[in-house]
Amino acid sequence: MTEALNERSRKILEAIIEDHIASAEPVGSRAITRRHGIALSPATVRNVMSDLEEMGYLIAPHTSSGRIPTEKGYRFYLDSLLRVRALTAQQKERIRRYYQRRGLRADELLREAGRVLSNISHYTGIVMAPQFTASVFRHIEFVRLSHGRILVIFVSESGLVQNKIIETREDLSQRDLENLNNYLNQRFAGLPIGKIKQRLLHEMTQEKALYDKLFARFMGLFDAALADESREVFIEGVSRMLEQPEFSDLERMKRLFQAFEQKSTLVEFLDKCQKSQGVQIFIGSETSYREIEGCSLITASYHSGDGTIGTLGVIGPTRMAYSQVIPVVDYTAQLVSQLLETENE
(Lines give C-alpha, C1' and ligand atoms only; values in the text may rest on other atoms or scores of the structure.)
Protein backbone atom coordinates (compact mmCIF):
# COMPACT_ATOMS: atom_id res chain seq x y z
CA MET A 1 0.00 0.00 0.00
CA THR A 2 1.33 3.45 -0.97
CA GLU A 3 1.81 5.83 1.93
CA ALA A 4 -0.10 9.10 1.83
CA LEU A 5 2.10 12.10 1.15
CA ASN A 6 1.35 15.57 2.42
CA GLU A 7 1.41 18.54 0.05
CA ARG A 8 4.98 19.50 0.94
CA SER A 9 6.31 15.99 0.24
CA ARG A 10 4.39 15.80 -3.03
CA LYS A 11 5.83 19.11 -4.27
CA ILE A 12 9.38 18.12 -3.38
CA LEU A 13 9.02 14.68 -4.98
CA GLU A 14 7.60 16.26 -8.13
CA ALA A 15 10.44 18.78 -8.27
CA ILE A 16 13.09 16.06 -7.89
CA ILE A 17 11.56 13.89 -10.59
CA GLU A 18 11.20 16.72 -13.09
CA ASP A 19 14.76 17.93 -12.45
CA HIS A 20 16.13 14.41 -12.80
CA ILE A 21 14.22 13.88 -16.06
CA ALA A 22 15.81 17.06 -17.40
CA SER A 23 19.37 16.53 -16.16
CA ALA A 24 19.87 12.77 -15.56
CA GLU A 25 21.75 13.80 -12.42
CA PRO A 26 20.99 13.35 -8.71
CA VAL A 27 19.04 16.31 -7.36
CA GLY A 28 20.06 18.09 -4.14
CA SER A 29 18.09 20.20 -1.68
CA ARG A 30 19.65 23.52 -2.71
CA ALA A 31 18.68 22.92 -6.35
CA ILE A 32 15.09 22.30 -5.27
CA THR A 33 14.80 25.55 -3.32
CA ARG A 34 16.59 27.56 -6.00
CA ARG A 35 14.76 26.28 -9.11
CA HIS A 36 11.25 25.67 -7.85
CA GLY A 37 10.57 28.54 -5.48
CA ILE A 38 9.72 26.25 -2.57
CA ALA A 39 9.63 28.43 0.55
CA LEU A 40 11.58 26.02 2.73
CA SER A 41 15.16 25.96 3.94
CA PRO A 42 17.56 23.47 2.32
CA ALA A 43 17.76 21.69 5.69
CA THR A 44 13.98 21.18 5.78
CA VAL A 45 14.02 19.94 2.18
CA ARG A 46 16.78 17.48 3.09
CA ASN A 47 14.65 16.13 5.92
CA VAL A 48 11.70 15.61 3.56
CA MET A 49 14.00 13.93 1.04
CA SER A 50 15.21 11.56 3.77
CA ASP A 51 11.60 10.71 4.60
CA LEU A 52 10.84 10.06 0.92
CA GLU A 53 13.88 7.82 0.73
CA GLU A 54 12.73 5.83 3.75
CA MET A 55 9.32 5.35 2.10
CA GLY A 56 10.98 4.06 -1.08
CA TYR A 57 10.25 6.98 -3.41
CA LEU A 58 13.87 8.15 -3.71
CA ILE A 59 17.32 6.65 -3.57
CA ALA A 60 20.78 8.14 -3.07
CA PRO A 61 22.97 6.64 -5.82
CA HIS A 62 26.22 7.97 -4.35
CA THR A 63 27.50 9.34 -1.07
CA SER A 64 26.42 12.83 -2.17
CA SER A 65 23.25 14.41 -0.81
CA GLY A 66 21.50 14.20 -4.17
CA ARG A 67 18.61 11.80 -4.79
CA ILE A 68 17.03 10.17 -7.82
CA PRO A 69 13.53 8.66 -8.14
CA THR A 70 12.87 4.95 -7.73
CA GLU A 71 10.30 3.05 -9.80
CA LYS A 72 7.88 3.57 -6.91
CA GLY A 73 8.57 7.30 -7.09
CA TYR A 74 7.91 7.40 -10.82
CA ARG A 75 4.70 5.38 -10.42
CA PHE A 76 3.39 7.83 -7.79
CA TYR A 77 4.37 10.71 -10.06
CA LEU A 78 2.45 9.21 -12.99
CA ASP A 79 -0.61 8.27 -10.98
CA SER A 80 -0.92 11.33 -8.74
CA LEU A 81 1.24 14.25 -9.85
CA LEU A 82 1.71 14.28 -13.62
CA ARG A 83 -0.31 16.77 -15.62
CA VAL A 84 -0.54 15.72 -19.26
CA ARG A 85 -1.60 18.47 -21.62
CA ALA A 86 -3.44 17.68 -24.82
CA LEU A 87 -1.55 18.39 -28.02
CA THR A 88 -2.29 21.73 -29.61
CA ALA A 89 -3.68 21.98 -33.13
CA GLN A 90 -0.24 23.07 -34.32
CA GLN A 91 1.44 20.05 -32.70
CA LYS A 92 -1.09 17.69 -34.26
CA GLU A 93 -0.56 19.28 -37.65
CA ARG A 94 3.20 18.85 -37.30
CA ILE A 95 2.71 15.11 -36.71
CA ARG A 96 0.25 14.80 -39.60
CA ARG A 97 2.75 16.39 -41.99
CA TYR A 98 5.02 13.37 -41.59
CA TYR A 99 2.37 11.29 -43.35
CA GLN A 100 1.68 13.58 -46.30
CA ARG A 101 3.10 11.15 -48.87
CA ARG A 102 0.21 9.46 -50.62
CA GLY A 103 0.14 5.87 -51.74
CA LEU A 104 1.93 4.42 -48.72
CA ARG A 105 1.24 0.73 -48.23
CA ALA A 106 0.00 -0.22 -44.78
CA ASP A 107 3.35 -1.72 -43.78
CA GLU A 108 5.13 1.45 -45.00
CA LEU A 109 2.71 3.55 -42.96
CA LEU A 110 3.46 1.53 -39.82
CA ARG A 111 7.20 1.83 -40.33
CA GLU A 112 6.78 5.58 -40.83
CA ALA A 113 4.80 5.73 -37.58
CA GLY A 114 7.81 4.24 -35.78
CA ARG A 115 10.09 6.89 -37.29
CA VAL A 116 7.70 9.67 -36.31
CA LEU A 117 7.44 8.43 -32.72
CA SER A 118 11.24 8.28 -32.49
CA ASN A 119 11.81 11.68 -34.11
CA ILE A 120 9.33 13.50 -31.90
CA SER A 121 10.05 11.74 -28.60
CA HIS A 122 13.83 11.40 -29.13
CA TYR A 123 13.56 7.82 -27.88
CA THR A 124 12.97 4.53 -29.76
CA GLY A 125 9.70 4.08 -31.64
CA ILE A 126 8.10 0.63 -31.79
CA VAL A 127 5.15 -0.48 -33.93
CA MET A 128 3.76 -4.02 -34.05
CA ALA A 129 1.65 -4.91 -37.07
CA PRO A 130 -1.71 -6.64 -36.52
CA GLN A 131 -1.77 -10.42 -36.44
CA PHE A 132 -1.95 -11.30 -40.12
CA THR A 133 -4.26 -14.32 -39.86
CA ALA A 134 -6.81 -12.09 -38.08
CA SER A 135 -6.89 -9.62 -40.99
CA VAL A 136 -9.25 -9.74 -43.96
CA PHE A 137 -8.00 -11.45 -47.10
CA ARG A 138 -7.72 -9.39 -50.28
CA HIS A 139 -5.21 -11.18 -52.50
CA ILE A 140 -2.72 -14.04 -52.52
CA GLU A 141 0.02 -14.98 -54.95
CA PHE A 142 2.02 -18.23 -55.02
CA VAL A 143 5.18 -17.91 -57.11
CA ARG A 144 7.45 -20.86 -57.96
CA LEU A 145 11.08 -20.07 -57.14
CA SER A 146 12.67 -23.48 -57.69
CA HIS A 147 11.95 -27.13 -57.10
CA GLY A 148 10.25 -27.35 -53.70
CA ARG A 149 10.50 -23.60 -52.91
CA ILE A 150 7.55 -21.25 -53.31
CA LEU A 151 7.13 -17.56 -52.50
CA VAL A 152 3.78 -16.66 -50.96
CA ILE A 153 2.58 -13.05 -51.04
CA PHE A 154 -0.42 -12.25 -48.83
CA VAL A 155 -2.21 -8.90 -49.07
CA SER A 156 -4.81 -7.98 -46.46
CA GLU A 157 -7.82 -5.75 -47.02
CA SER A 158 -6.12 -2.93 -45.12
CA GLY A 159 -3.05 -3.17 -47.35
CA LEU A 160 -0.69 -5.11 -45.10
CA VAL A 161 1.67 -7.27 -47.15
CA GLN A 162 3.35 -10.43 -45.89
CA ASN A 163 5.95 -12.33 -47.91
CA LYS A 164 6.97 -15.85 -46.97
CA ILE A 165 9.03 -18.59 -48.58
CA ILE A 166 7.74 -22.12 -47.98
CA GLU A 167 9.27 -25.44 -48.85
CA THR A 168 7.31 -28.41 -50.17
CA ARG A 169 8.01 -31.87 -51.51
CA GLU A 170 5.54 -31.28 -54.31
CA ASP A 171 6.93 -30.16 -57.66
CA LEU A 172 4.16 -27.81 -58.74
CA SER A 173 4.41 -25.83 -61.94
CA GLN A 174 3.72 -22.11 -62.07
CA ARG A 175 0.56 -22.92 -64.01
CA ASP A 176 -0.65 -25.11 -61.15
CA LEU A 177 0.05 -22.28 -58.74
CA GLU A 178 -1.78 -19.77 -60.92
CA ASN A 179 -4.83 -22.01 -60.81
CA LEU A 180 -4.62 -21.94 -57.03
CA ASN A 181 -4.15 -18.16 -57.03
CA ASN A 182 -7.22 -17.65 -59.20
CA TYR A 183 -9.35 -20.01 -57.14
CA LEU A 184 -8.46 -18.44 -53.79
CA ASN A 185 -8.71 -14.84 -54.99
CA GLN A 186 -12.10 -15.38 -56.63
CA ARG A 187 -13.69 -17.39 -53.83
CA PHE A 188 -12.32 -16.00 -50.59
CA ALA A 189 -11.64 -12.26 -50.96
CA GLY A 190 -13.24 -10.46 -48.01
CA LEU A 191 -12.93 -13.32 -45.52
CA PRO A 192 -10.68 -13.27 -42.44
CA ILE A 193 -7.52 -15.11 -43.43
CA GLY A 194 -7.72 -17.42 -40.45
CA LYS A 195 -11.16 -18.66 -41.58
CA ILE A 196 -10.25 -19.51 -45.17
CA LYS A 197 -8.94 -22.95 -44.23
CA GLN A 198 -12.25 -23.77 -42.53
CA ARG A 199 -14.15 -22.72 -45.66
CA LEU A 200 -11.84 -24.80 -47.85
CA LEU A 201 -12.40 -27.90 -45.74
CA HIS A 202 -16.15 -27.30 -45.76
CA GLU A 203 -16.23 -27.05 -49.56
CA MET A 204 -14.19 -30.21 -49.90
CA THR A 205 -16.66 -32.18 -47.80
CA GLN A 206 -19.68 -30.69 -49.58
CA GLU A 207 -18.44 -31.25 -53.13
CA LYS A 208 -15.92 -34.08 -52.97
CA ALA A 209 -16.27 -34.89 -56.66
CA LEU A 210 -14.91 -31.49 -57.64
CA TYR A 211 -11.66 -31.90 -55.76
CA ASP A 212 -8.78 -34.10 -56.81
CA LYS A 213 -5.33 -34.90 -55.50
CA LEU A 214 -3.99 -31.64 -56.86
CA PHE A 215 -6.40 -29.69 -54.66
CA ALA A 216 -5.27 -31.66 -51.62
CA ARG A 217 -1.71 -30.62 -52.45
CA PHE A 218 -2.92 -27.02 -52.63
CA MET A 219 -4.33 -27.40 -49.12
CA GLY A 220 -0.90 -28.45 -47.94
CA LEU A 221 0.58 -25.30 -49.46
CA PHE A 222 -2.00 -23.07 -47.83
CA ASP A 223 -1.38 -24.72 -44.45
CA ALA A 224 2.35 -24.11 -44.83
CA ALA A 225 1.72 -20.49 -45.80
CA LEU A 226 -0.24 -19.88 -42.60
CA ALA A 227 2.01 -21.89 -40.27
CA ASP A 228 4.38 -20.31 -37.74
CA GLU A 229 3.15 -16.79 -38.26
CA SER A 230 5.55 -14.22 -36.84
CA ARG A 231 4.36 -10.75 -35.88
CA GLU A 232 6.11 -7.95 -37.73
CA VAL A 233 7.66 -5.34 -35.42
CA PHE A 234 9.11 -2.10 -36.76
CA ILE A 235 11.76 -0.59 -34.47
CA GLU A 236 13.03 2.87 -35.32
CA GLY A 237 15.61 5.09 -33.62
CA VAL A 238 17.51 2.36 -31.78
CA SER A 239 20.66 4.50 -31.78
CA ARG A 240 18.86 7.08 -29.64
CA MET A 241 19.23 4.74 -26.68
CA LEU A 242 22.97 5.18 -26.96
CA GLU A 243 22.47 8.87 -26.23
CA GLN A 244 20.98 8.11 -22.81
CA PRO A 245 23.49 8.06 -19.91
CA GLU A 246 21.55 5.25 -18.23
CA PHE A 247 22.67 2.87 -20.96
CA SER A 248 26.40 3.47 -20.74
CA ASP A 249 26.60 0.08 -18.97
CA LEU A 250 27.73 -2.38 -21.65
CA GLU A 251 25.83 -5.41 -20.33
CA ARG A 252 22.54 -3.52 -20.04
CA MET A 253 22.98 -2.13 -23.54
CA LYS A 254 23.78 -5.57 -24.92
CA ARG A 255 20.60 -7.09 -23.44
CA LEU A 256 18.50 -4.26 -24.81
CA PHE A 257 19.95 -4.51 -28.31
CA GLN A 258 19.42 -8.29 -28.28
CA ALA A 259 15.76 -7.66 -27.45
CA PHE A 260 15.54 -5.26 -30.40
CA GLU A 261 17.24 -7.75 -32.70
CA GLN A 262 15.39 -10.91 -31.70
CA LYS A 263 12.04 -9.12 -31.23
CA SER A 264 10.34 -12.10 -29.54
CA THR A 265 10.32 -10.36 -26.15
CA LEU A 266 8.81 -7.21 -27.64
CA VAL A 267 6.21 -9.20 -29.59
CA GLU A 268 5.08 -11.01 -26.45
CA PHE A 269 4.94 -7.81 -24.46
CA LEU A 270 3.18 -5.70 -27.11
CA ASP A 271 0.68 -8.48 -27.74
CA LYS A 272 -0.41 -8.20 -24.10
CA CYS A 273 -0.61 -4.41 -24.35
CA GLN A 274 -3.11 -4.41 -27.21
CA LYS A 275 -5.72 -6.10 -25.01
CA SER A 276 -6.09 -2.88 -22.99
CA GLN A 277 -7.76 0.35 -23.97
CA GLY A 278 -6.04 3.73 -24.02
CA VAL A 279 -2.43 4.57 -23.23
CA GLN A 280 -0.50 2.05 -21.10
CA ILE A 281 2.64 3.01 -19.15
CA PHE A 282 5.10 0.43 -17.83
CA ILE A 283 8.02 1.50 -15.65
CA GLY A 284 11.16 -0.60 -15.36
CA SER A 285 10.46 -3.97 -13.76
CA GLU A 286 6.70 -3.59 -14.37
CA THR A 287 7.35 -5.05 -17.82
CA SER A 288 8.59 -8.32 -16.18
CA TYR A 289 11.22 -8.73 -18.91
CA ARG A 290 14.87 -8.60 -17.86
CA GLU A 291 15.97 -7.75 -21.41
CA ILE A 292 14.35 -4.32 -21.18
CA GLU A 293 15.27 -3.71 -17.56
CA GLY A 294 15.76 -0.04 -16.78
CA CYS A 295 13.38 1.03 -19.54
CA SER A 296 9.89 2.45 -19.56
CA LEU A 297 7.37 1.82 -22.30
CA ILE A 298 4.39 3.93 -23.30
CA THR A 299 2.03 2.08 -25.63
CA ALA A 300 -1.38 2.42 -27.26
CA SER A 301 -3.42 0.21 -29.58
CA TYR A 302 -4.48 1.19 -33.10
CA HIS A 303 -7.08 -0.38 -35.38
CA SER A 304 -6.50 -1.20 -39.02
CA GLY A 305 -9.13 -0.71 -41.68
CA ASP A 306 -10.37 -4.31 -41.47
CA GLY A 307 -10.81 -4.25 -37.70
CA THR A 308 -7.59 -5.96 -36.65
CA ILE A 309 -5.54 -4.51 -33.83
CA GLY A 310 -1.87 -3.60 -33.50
CA THR A 311 0.23 -1.78 -30.93
CA LEU A 312 2.62 1.14 -31.12
CA GLY A 313 4.65 3.07 -28.60
CA VAL A 314 7.90 4.45 -27.34
CA ILE A 315 10.63 2.80 -25.30
CA GLY A 316 13.14 4.87 -23.37
CA PRO A 317 14.81 5.16 -19.96
CA THR A 318 12.68 5.30 -16.81
CA ARG A 319 13.83 8.94 -16.76
CA MET A 320 11.49 9.62 -19.66
CA ALA A 321 9.74 12.89 -20.45
CA TYR A 322 6.34 11.31 -19.78
CA SER A 323 4.29 14.50 -20.07
CA GLN A 324 5.56 15.01 -23.63
CA VAL A 325 5.55 11.41 -24.84
CA ILE A 326 2.13 10.26 -23.57
CA PRO A 327 0.04 12.62 -25.75
CA VAL A 328 2.24 11.91 -28.79
CA VAL A 329 1.73 8.15 -28.47
CA ASP A 330 -2.01 8.61 -27.90
CA TYR A 331 -2.48 10.88 -30.92
CA THR A 332 -0.26 8.74 -33.18
CA ALA A 333 -2.40 5.66 -32.43
CA GLN A 334 -5.54 7.61 -33.32
CA LEU A 335 -3.95 9.02 -36.48
CA VAL A 336 -2.63 5.66 -37.70
CA SER A 337 -6.10 4.16 -37.21
CA GLN A 338 -7.63 6.96 -39.28
CA LEU A 339 -5.05 6.61 -42.06
CA LEU A 340 -5.45 2.83 -42.28
CA GLU A 341 -9.22 3.20 -42.47
CA THR A 342 -8.86 5.85 -45.19
CA GLU A 343 -6.60 3.57 -47.24
CA ASN A 344 -9.20 0.84 -46.93
CA GLU A 345 -12.05 2.94 -48.33
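## Strands, rings and helix contacts in a predicted model

At 2% relative accessibility, Tyr74 counts as buried, a value that, like the others in this report, is computed from a predicted model.

**Aromatic pairs around helix 4**

The structure contains six aromatic pairs. Tyr57 and Phe76 form an edge-to-face pair, with 5.5 Å from centre to centre and 70° between the planes. This pair connects distant parts of the chain, since Tyr57 belongs to the loop between helix 3 (42-54) and strand 1 (58-59), while Phe76 belongs to helix 4 (residues 71-81), 19 residues apart. Both Tyr57 and Phe76 are buried. The rings of Tyr74 and Tyr322 have centres 6.0 Å apart and planes at 55°, so this pair counts as tilted. Here too distant parts of the chain are linked, with Tyr74 in helix 4 and Tyr322 in helix 12 (residues 322-344), 248 residues apart. Tyr322, at 0% relative accessibility, counts as buried, because buried means under 20% relative accessible area. The geometry of the two pairs is set out below.

| Pair | Centre to centre | Angle between planes | Class |
|---|---|---|---|
| Tyr57 and Phe76 | 5.5 Å | 70° | edge-to-face |
| Tyr74 and Tyr322 | 6.0 Å | 55° | tilted |

Elsewhere, ring pairs join Phe269, Phe282 and Tyr289 into a cluster.

Three strands make up an open sheet in the order 4-5-6, and their pairing is antiparallel. Its edge strands are strand 4 (137-146) and strand 6 (161-167), each of which pairs on one side only. On average, neighbouring strands of this sheet are turned by 20° against each other, direction ignored. Strand 5 (residues 149-156) is joined to strand 6 by seven bridges, and these two strands run antiparallel. Within this part of the sheet, Leu151 stands opposite Ile165 in strand 6. Helix 7 (residues 174-188) lies across strand 4 and strand 5, and runs at about 175° to strand 4.

Another antiparallel pairing, over four bridges, brings together strand 3 (residues 124-128) and strand 7, and in it Gly125 stands opposite Glu236 in strand 7. From strand 7 (residues 233-236), Val233 and Ile235 point one way, whereas Phe234 and Glu236 point the other way, and all are buried.

Which residues does Asp107 touch, not counting residues up to four places away in sequence? Asp107, which lies in helix 6 (residues 106-121), touches Gly159, Leu160, Val161 and Phe234.

**Packing of helices 2 and 3**

Two packed helices are described by the angle between their axes and the distance between the axes. For helix 2 (residues 29-36) and helix 3, the angle is about 115° and the axes are 8 Å apart, and the crossing of helix 2 and helix 3 is right-handed. On the side of helix 2, Ser29, Arg30, Ile32 and Thr33 take part in the contact, and they meet Pro42, Val45, Arg46 and Met49 in helix 3.

Technical notes
Residues numbered from 1 in each chain as written. Predicted model: local features only at pLDDT ≥ 70, side-chain atom pairs only at ≥ 80, totals over all residues. Heavy atoms only, no water. Pairing = 2+ DSSP bridges. Axes fitted to C-alpha atoms, helices over the stretch in contact; angles between N-to-C directions. Contact = heavy atoms within 4.5 Å. Buried < 20%, exposed > 50% of the residue type's maximum accessible area, 1.4 Å probe, protein only. Phe/Tyr/Trp six-rings, centres within 6.5 Å; stacked < 30°, edge-to-face > 60°. Left-handed = near helix turned anticlockwise from the far one by under 90°.
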